Amino acid sequence: MTIIRSIALFILAALAEIGGAWLIWQGVREHKGLPWIGAGIAALGAYGFVATLQPDANFGRILAAYGGIFVAGSLGWAMAVDKFRPDRYDIAGALVCLLGVAVIMYVPRR
C-alpha cells in the first residue's frame, strides 16, 4: 500500500507542477493574462506541499526520484494537452527515467 500511495503522490505532484507551469506559460506566452498566471502560481505552490506527504523522509531521494516522474509526466502532458507526438527517443528517455524512479524509491534497502 505504501508504494501505491507514493506513486499516487508522485502523479499528483506532477499534475500540480506541470499544470502550474503550463498555466503560467499560457498566461504569459499565449497572452491569456493574470488569472492564468495566478492559477499557475497556486498550482506550483500546491506541488511544493505534495512532496511532504511522501512516506519516505529523505527530501533528496524524493526530489531525485520525482525528476523521473517529471520527465515522463511532461511528455504525457504534452501528448494529452498540446497534441505533441513523442519520438522513440523521447519514449526511451522517459522509460529510463521511470526505471531510475523505481530503483531510487522502491528497491528494498537493508
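Where in the chain does H31 lie? H31 sits in the loop between α1 and α2; the points below start with the chain as a whole and return to this residue.

1. Basis of the note. This is a predicted model, in which local features need pLDDT of at least 70, side-chain atom pairs count only at pLDDT 80 or more, and totals for chains, interfaces and linings use all residues. Residues are numbered from 1 along each chain as its sequence is written, and side-chain values use heavy atoms, with hydrogens and water left out.

2. Overall make-up. The chain has four helices and zero strands, and its elements run α-α-α-α from the N terminus on. Helices (H or I, at least four residues) and strands (E, at least two) are DSSP runs, numbered from the N terminus. Taken along the principal axes, the C-alpha atoms of the chain fill a box of roughly 50 × 35 × 20 Å.

3. Surface and burial. The accessible surface of the chain is about 7200 Å², and 72% of it belongs to carbon and sulfur atoms. Accessible areas come from the Shrake-Rupley method with a 1.4 Å probe; for residues, only the protein chains shown count as cover. Of the 110 residues in the chain, 28% are buried. Buried means under 20% relative accessible area, exposed means over 50%, and partly exposed is in between (1.4 Å probe, protein chains only).

4. Contacts along the chain. Contact means heavy atoms within 4.5 Å. Among contacts between residues at least 6 apart in sequence, 65% join residues at least 24 apart.

5. Helix α1. At 1.5 Å a residue, the 28 residues of α1 should span 40 Å, and the end C-alpha atoms are 39 Å apart, which agrees. The expected span of a helix is 1.5 Å times one less than its number of residues. S6 lies in this helix and is buried, with a relative accessible area of 2%. Leaving aside neighbours within four places in sequence, S6 is in contact with Q54, P55, M105 and Y106.

6. A nonpolar patch. I7 also lies in α1, which covers residues 2–29. I7 is partly exposed, at 39% relative accessible area. Together with I3, I11 and L15, I7 forms a nonpolar patch on the surface, with about 360 Å² of accessible area in total. Patches are made of residues with over 30% relative accessible area and no salt bridge; like charges are joined within 9 Å, and nonpolar side chains (Val, Leu, Ile, Met, Phe, Trp, Tyr) within 5 Å.

7. Helix α2. This helix (residues 34–50) has 17 residues and reaches 24 Å from its first C-alpha to its last, close to the 24 Å expected at 1.5 Å a residue. Which residues of α2 are buried? They are I37, G40, A43, Y47 and V50. These residues cover an arc of only 135 degrees around the axis, which puts them on the same side of α2. The arc is that of the directions from the helix axis to the C-beta atoms. On the other side of α2, L34, P35, I41 and F49 are exposed. The cover over the buried residues of α2 includes α1 and α3 (59–82).

8. Just after α1, H31 takes a positive phi of about 60 degrees, although H31 is not a glycine. H31 counts as exposed, at 70% relative accessibility. H31 and G68 are 37 residues apart in sequence and 30 Å apart in space, C-alpha to C-alpha. K83, in the loop between α3 and α4 (88–106), also has a positive phi, near 60 degrees, and is a residue other than glycine. At 63% relative accessibility, K83 counts as exposed.

9. Charge pairing. Side chains of opposite charge can pair when their charged atoms come close. How many salt bridges does a search of the whole structure find? The search finds one. A salt bridge is a side-chain nitrogen of Lys or Arg within 4 Å of a carboxyl oxygen of Asp or Glu. R61 forms a salt bridge with D56, and the closest N and O atoms are 3.0 Å apart. R61 counts as partly exposed at 25% relative accessibility, and D56 counts as partly exposed at 22%.
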